[in-house]
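Please keep the sequence and the model in view while reading.

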Amino acid sequence: MKTLLLSFMAAFLLLGCARSFPTPEQITNANFGQPPNKTKYEERILGHFSQTLFDSESARYKFGTPYKAAWPRSGGEWDFGYGVDVLVNAKNRYGAYVGFQKYYFFFGKEDVYVDEYPTIIRRLE
């Protein structure tokens with residue numbers, strides 16, 4: 001619970017510091033790199049959930065296709081890369097599936113970021 005609260009606080013701090021959207025000039029000059037390989041991004045996403053879900057082995061996933069996206073950094077700067085939306089249906093501690101929930105992953109040049117709510121990642125397509 002403490003980790004969840006800290007995650008929300010960090011997200012709100014990022015929102016307060018970030019511009020709402022990259023400028024057209026930033027998007028034009030952006031280097032998105034190559035779209036992530038399907039095998040690699042699915043592996044990274046499954047790795048994330050193996051550490052965060054109660055029963056990741058029984059979870060069901062629906063992976064979206066990569067799209068150009070931006071992730072805010074401090075000072076009005078942006079990381080450009082690709083986003084992948086994932087629907088996850090996992091079991092709770094009682095063994096019941098909770099229903100599909102959407103998660104947003106950003107694959108930048110060096111880092112992978114996760115956003116449970118579409119508040120930080122910016123879809124550019």
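Phe107 has Val112 in E5 as its bridge partner. The model is a predicted one, in which local features need pLDDT of at least 70 and side-chain atom pairs count only at pLDDT 80 or more, while totals for chains, interfaces and linings use all residues. Residues are numbered from 1 along each chain as its sequence is written, and side-chain values use heavy atoms, with hydrogens and water left out. Helices (H or I, at least four residues) and strands (E, at least two) are DSSP runs, numbered from the N terminus.

**Strand pairing**

Two strands pair if DSSP finds at least two bridges between them. E4 and strand E5 (residues 112–115) are antiparallel and share four bridges. Together they form a hairpin, with four residues between the two strands. E4 also runs antiparallel to E3, to which seven bridges join it. Within E4, Tyr103 is the residue that stands opposite Val86. In a regular strand the side chains alternate between the two faces of the sheet.

How many of the seven residues of E4 are buried? Five are, so the strand is largely enclosed by the rest of the structure. Here buried means under 20% relative accessible area, exposed over 50%, and partly exposed in between (1.4 Å probe, protein chains only).

Contact means heavy atoms within 4.5 Å. With neighbours within four places in sequence left aside, Phe107 is in contact with Tyr41, Arg44, Ile45, Gly81, Tyr82, Val84 and Val112.

**Nonpolar cores**

A nonpolar core is a set of buried Ala, Val, Leu, Ile, Met, Phe, Trp, Tyr and Cys residues joined through side-chain atoms within 4.5 Å. The largest one has 12 residues: Tyr41, Ile45, Phe49, Leu53, Ala59, Val84, Val86, Val88, Ala90, Tyr103, Phe105 and Phe107. H3, strand E3 (78–89) and strand E4 (101–107) each give two or more residues to this core. A second, separate core has seven residues, among them Tyr67, Trp71, Ile120 and Ile121. In soluble globular proteins, nonpolar side chains tend to be buried together.

**Aromatic rings**

Rings of Phe, Tyr and Trp (its six-membered ring) pair if their centres lie within 6.5 Å; planes under 30 degrees apart count as stacked, over 60 as edge-to-face and the rest as tilted. By this rule there are eight aromatic pairs. One of them is the edge-to-face pair of Phe49 and Tyr103, with 5.0 Å centre to centre and 75° between the planes. This pair links distant parts of the chain, since Phe49 lies in helix H3 and Tyr103 in strand E4, 54 residues apart. Phe49 and Tyr103 also belong to one aromatic cluster with Tyr61, Phe63 and Phe105.

**Residues in the loops**

Ser56 is placed in the loop between helix H3 (38–52) and strand E1 (60–63). Not counting residues up to four places away in sequence, Ser56 touches Phe49, Ser50 and Tyr61. Leu53 is found in the loop between H3 and E1, and beyond four places in sequence it touches Ala59, Tyr61, Val88 and Ala90. The C-alpha atoms of Leu53 and Asn92 are separated by 8.6 Å, although these residues are 39 apart along the chain.

Ala90 lies in the loop between E3 and E4. Its contacts, leaving aside neighbours within four places in sequence, are Leu53, Ala59, Ala96, Tyr97 and Val98. Between the C-alpha atoms of Ala90 and Tyr61, 29 residues apart along the chain, the separation is 8.7 Å.

| Residue | Relative accessibility |
|---|---|
| Phe49 | 1% |
| Ala90 | 7% |
| Tyr103 | 11% |
| Ser56 | 16% |

**The chain as a whole**

The protein chain has three helices and six strands, in the order α-α-α-β-β-β-β-β-β from the N terminus. Of its 125 residues, 32% are buried. Among contacts between residues at least 6 apart in sequence, 56% join residues at least 24 apart.

The predictor's confidence in each residue, pLDDT, runs from 0 to 100. Its mean over the protein chain is 82, and 82% of the residues reach 70 or more. Among the elements, E1 has the highest mean pLDDT (96) and helix H1 (residues 2–17) the lowest (49).
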